[in-house]
Amino acid sequence: MIVRDRGVRQDAPAPTHRASRQLGWIKKGMTGFPNPILFATDFSGRCDRPLERALGLARHWRSKLVLLHVLEPPHTDLTDEEREVEEARITNKLRTQADGSGVNVETRITRGRVAATIAKVAEEVEAGLIVTGVARYDELGDFILGTTVDRLVRRSHVPVLVVKEKPRSDYRSLLIATDFSNGSATALELAVQFFPEAALNLAHAYHVPFEPVLGREAQAPALQARIAEELDDFLHFLHVPADVRDRIDFHLDYGETAPVISGLARSVEADLAVIGAHGKSGFVAATIGNNAKVLLESLSCDVMLVPKDAL
């Protein structure tokens, strides 16, 4: 493991191991890539980027791609015949989006509230990944998350990949945000499982408690020991091969979570950030889970949000 530290010296005392953790997908025997992948589309122009990424992942992983269109109520004014015509038209439109892709595609049309319905369908088809896009881009080109995407990432029990950038290649450089919690460990383990060949950058933002009163330097020894201990425990109990653990590039930086993680993502040229949906609180640890929405909005690269029960 390579350590990059922009705020804490590397002469911390040797840490000790503390508590183990259980990993769901190992216990359940789950391995490999997500299959199927669920992509929900409203046929708007902003869907082209996530659709392209979903098709690319499905080809690379040889996974089935479920194309979903959700019709929101009310639609009670339609007769049965009109409803059949409408659904046939939408089904044809869904299939057209995947023409010539070489991907095994299933189409679904469902009625209901969009976010809740997407999450429900993901459970029904046993999807391993939901791919979605941003709500829209503003006049400066920055993306706006939107209520539907926000609700979806809070409801989903499977990872949600929010695609912002036009795909140009497979994901090559991952930035995994960590607060040393089980949730961020799950995020890292799943990132390794999904993207085994990508460069792995583990990022941690930290604060000094009571800095205005005591000062940052006065607390350095205790802070060093605590971060070293938590990092050692975190890496020791990761369920990843030793050779994978050895090639993790670890980055420490001082400051607020969102700007630190966003800055590190730019510095390592990450094309995908991976965030655990549930973290922990504390003085030293950045509360990744509580900052998930802020990170989604501040990062310019694609973001995969991983629920703690995703594996």
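**View 1. Arg 108 is partly exposed, at 27% relative accessible area.** Here, "buried" means under 20% relative accessible area, "exposed" means over 50%, and "partly exposed" is in between (1.4 Å probe, protein chains only). This is a predicted model, in which local features need pLDDT of at least 70 and side-chain atom pairs count only at pLDDT 80 or more, while totals for chains, interfaces and linings use all residues. Residues are numbered from 1 along each chain as its sequence is written, and side-chain values use heavy atoms, with hydrogens and water left out.

Which side chains does Arg 108 meet in salt bridges? One is Glu 106, with N and O 3.0 Å apart. Another is Glu 124, where the closest N and O atoms are 3.3 Å apart. Because Arg 108 sits in strand β4 and Glu 124 in helix α4 (residues 114-124), this pair ties together parts that are 16 residues apart in sequence. Glu 124 is partly exposed too, at 45%. A salt bridge, by the way, is a side-chain nitrogen of Lys or Arg within 4 Å of a carboxyl oxygen of Asp or Glu. Helices (H or I, at least four residues) and strands (E, at least two) are DSSP runs, numbered from the N terminus.

**View 2. Salt bridges link Lys 64, Glu 106, Arg 108 and Glu 124 in a network.** The structure holds six salt bridges.

**View 3. Glu 230 and Arg 226 pair up in helix α8 (residues 220-236).** Their side chains meet in a salt bridge, 3.3 Å from N to O. The two are four residues apart, so about one helical turn separates them. Is Glu 230 buried or exposed? Glu 230 is buried, with a relative accessible area of 7%, whereas Arg 226 is partly exposed at 35%.

**View 4. Cys 47 and Cys 301 are both buried.** Cys 47 has 10% relative accessibility, and Cys 301 has 2%. How many disulfides are there? The count is zero, taking a disulfide as a pair of cysteine sulfur atoms within 2.5 Å.

**View 5. Over residues 137-144, pLDDT stays under 50.** pLDDT is the predictor's confidence in each residue, from 0 to 100. The model has 15 contacts beyond four places in sequence for residues 137-144, where contact means heavy atoms within 4.5 Å. Residues 210-216 also stay under 50, with 12 such contacts. Where pLDDT is low, the predicted coordinates should not be read in detail. Across the protein, the mean pLDDT is 77, and 74% of residues reach 70 or more.
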